[in-house]
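Thanks for coming. I will go through one structure today, so please have the sequence and the coordinates open.

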Amino acid sequence: MTDGHHFNNILLGGRGGTNPGQFKVYSGGLAWKRQGGGKTIEIDKADVTAVTWMKVPRAYQLGVRIKDGLFYRFIGFREQDVSSLTNFIQKNMGVTPDEKQLSVSGHNWGGIDIDGNMLTFMVGSKQAFEVSLADVAQTQMQGKTDVLLELHVDDTTGANEKDSLMDLSFHVPTSNTQFVGDENRPPAHILWETILKFADVGSSEEPVVTFDGIAILTPRGRYSVELHLSFLRLQGQANDFKIQYSSIVRLFLLPKSNNPHTFVVITLDPPIRKGQTLYPHIVIQFETEAVVERDLALSKELLVDKYKDRLEESYKGLIHEVFTKVLRGLSGAKVTRPGSFRSCQDGYAVKSSLKAEDGLLYPLEKGFFFLPKPPTLILHEEIEFVEFERHGAGGASISSHYFDLLVKLKNDQEHLFRNIQRNEYHNLFNFINGKNIKIMNLGGDGQGASGVVTDVLRDTDDDAVDPHLERIKNQAGDDESDEEDEDFVADKDDSGSPTDDSGDEESDASDSGGEKEKSSKKEASSSKPVQKRKPKGRDDEGHEKKKAKKKKDPNAPKRAMTPFMYFSMAERGNMKSSNPDLPTTEIAKKLGEMWQKMSSEEKQPYIQQAQVDKKRYEKESAVYRGEATADVDSGNESD
């Protein structure tokens with residue numbers, strides 16, 4: 001095995017769900033990354049205290065215990081992987097993996113083995129199941145022979161699992177010889193005291209620190225945020241969320257530009273659930289200049305033993321900094337701050353809109369983050385290409401002061417960030433180009449086009465010919481208006497209507513030919529004024545034939561429909577039958593409001609229909625373009 005070997009489709013077992021990902025073993029330790037992005041676990045070889053192998057149904061499980069008592073299970077290895085991984089771990093980490101056997105007899109009596117904060121129920125010499133005592137929220141005696149364990153309720157587990165372990169009860173008879181007691185302290189009491197030493201009991205009652213009246217934008221409301229030893233709690237008037245620190249993927253600390261507020265985002269995997277809506281990001285908004293002072297409810301022994309170099313006894317400073325430092329120390333999550341990008345106002349983000357919501361787009365070192373609503377995180381490694389587009393492409397009016405940024409992902413999903421100010425173009429383009437992200441050129445053929453795209457928004461001179469105009473016309477085809485934008489007519493002496501089809505030739509005329517063309521116009525106007533705008537193809541005066549208006553080709557493929565169009569087709573009939581007196585414009589307005597309020601899950605069927613139709617259109621367009629090229633070639637040969 002070589003250094004940095006990868007194993008695909010390895011599952012991470014635990015209360016947070018079972019998620020496939022890529023497992024990597026290298027000379028410095030172990031790492032696991034969720035498939036499609038998200039949670040990443042890195043284990044330094046110096047922190048590994050024990051490694052175990054176990055045969056589970058259809059695969060092998062690798063168990064890794066680290067110094068702070070955490071235990072990770074990686075499932076999905078093949079039989080041939082066991083020996084090679086064992087040799088690698090022995091050689092590079094100095095740890096010899098032990099082999100454990102799984103009990104499948106179904107017996108519910110046996111012995112209890114407590115190693116660190118892991119409780120294992122053994123049937124003979126085989127393991128039946130194991131529970132992390134860090135997940136135990138409460139434990140109590142029931143009578144003299146039963147010990148009840150209540151596990152933490154985690155609002156994120158419901159996102160990936162239908163069932164979650166809530167409580168567990170052990171019956172310890174008075175004749176038990178493993179936990180020897182006396183008349184006042186029976187064996188069950190000894191077991192209960194042993195569990196108390198390692199369980200996270202009491203943290204659910206007394207938080208380490210509390211921040212009251214915090215404005216949270218997603219899920220919206222004002223909450224009291226409690227940070228406990230192993231979880232955080234959001235307590236609001238209508239909602240109460242409890243989130244295990246193991247579900248936190250990363251923290252983001254993102255200041256607003258020229259604004260008295262700062263975003264702190266907690267990214268979760270799996271997300272929390274409210275009704276049918278999933279929230280993978282908790283977006284908190286702090287007042288940037290607010291100063292707080294907080295003392296942590298932690299003993300000096302705990303600070304030294306468990307949180308040395310991670311937490312301090314007390315904090316004083318800006319509220320967003322204090323909150324982030326304490327949460328990072330308790331959860332161990334990494335913090336991402338703005339990188340090298342700067343806007344034209346020297347800010348960290350650019351103003352934009354996504355799905356009709358205004359917000360800020362943060363270009364970060366490893367991704368893009370749109371905030372506050374809908375919070376959208378896009379990693380660079382997930383991007384297939386980006387494309388700069390003129391704002392209003394395909395519409396009736398085209399603004400030269402804004403542009404759009406289309407981000408196409410490798411899974412065919414697209415994000416369109418609209419209404420970005422034109423003066424942000426160069427900084428944004430240079431940043432994206434510096435990250436080696438593919439930028440589609442004007443022709444859209446997929447080639448990198450740093451030399452072409454940078455000319456698209458080079459200056460803001462309204463009289464300059466903009467290459468985007470031709471591109472938009474080509475994209476719009478015959479389904480769009482043939483009217484010209486007055487800003488792009490080069491011949492200022494032309495007093496005709498912008499809809500005059502002769503505009504294109506006039507704007508391209510040289511100085512020497514301009515006068516001749518004008519005199520011809522005057523003669524035509526004086527001799528036959530009623531024929532100033534003569535139909536195409538009927539010029540009796542011998543003038544140069546005007547450019548004929550391009551007609552729509554009946555063989556051209558039908559354009560792809562958007563997800564909203566499929567939704568409208570499905571719901572318009574119901575809306576019309578429910579409101580027979582409602583005019584068409586109001587029906588369209590109400591359908592738009594319904595679409596905006598729908599969750600991503602509810603929109604998914606229509607998005608899938610649109611994706612299928614898009615592939616159909618691309619396929620038919622390729623065939624159509626090939627036939628059109630063949631027709632042109634044959635015409636040239638006949639000439």
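Strand β12 and strand β13, which covers residues 146–151, are paired antiparallel through six bridges. To place yourself in that pairing, look for Q138, whose bridge partner in β13 is E150. Before going further, note that this is a predicted model.

These two strands are part of an open sheet of three, in the order β12-β13-β14, and the pairing is antiparallel. Which strands stand at the edges? They are β12, residues 136–142, and β14, residues 167–171. Each has a single partner strand, so one side of each has no neighbour in the sheet. From one strand to the next, the twist averages 15°.

There is also a helix against this sheet. Helix α2, residues 187–198, packs on it and touches β12, β13 and β14. The direction of α2 makes about 165° with that of β12.

Next, the empty space inside. Rolling a probe the size of a water molecule over the atoms shows where such space is left. How many cavities of 30 Å³ or more does a search of the whole structure find? The search finds one. The volume of this largest cavity is about 40 Å³.

The residues lining the largest cavity are T52, W53, M54, Q61, F71, K100, Q127 and E130. Two elements give two or more residues to that lining, namely β5 (48–56) and β11 (126–132). The strand that gives the most is β5, with three residues. Sorted by class, the lining has three nonpolar residues, three polar ones and two charged ones.

Last, the confidence. The average pLDDT of the protein is 76, and 74% of the residues score at least 70.

Two stretches deserve a mention here. Over residues 442–452 the pLDDT is below 50, and the model gives this stretch 16 contacts beyond near neighbours in sequence. Over residues 454–532 the pLDDT stays under 50 as well, and the model has 85 contacts for them beyond four places in sequence. Where pLDDT is low, predicted coordinates should not be read in detail.

That is the end of the tour, and I can take questions now.

Note on methods
Residues numbered from 1 in each chain as written. Predicted model: local features only at pLDDT ≥ 70, side-chain atom pairs only at ≥ 80, totals over all residues. Heavy atoms only, no water. 1 Å grid on protein atoms, 1.4 Å probe; cavity = no way out; pocket = protein on both sides within 12 Å on 5 of 7 lines; lining within 4 Å. Points joined across faces, edges and corners; volume = space filled by probe spheres on them. Helix = DSSP H or I, 4+ residues; strand = E, 2+ residues; numbered from the N terminus. Nonpolar A, V, L, I, M, F, W, Y, C, P; charged D, E, K, R; others polar. Pairing = 2+ DSSP bridges. Axes fitted to C-alpha atoms, helices over the stretch in contact; angles between N-to-C directions. Contact = heavy atoms within 4.5 Å. pLDDT = per-residue confidence, 0-100.
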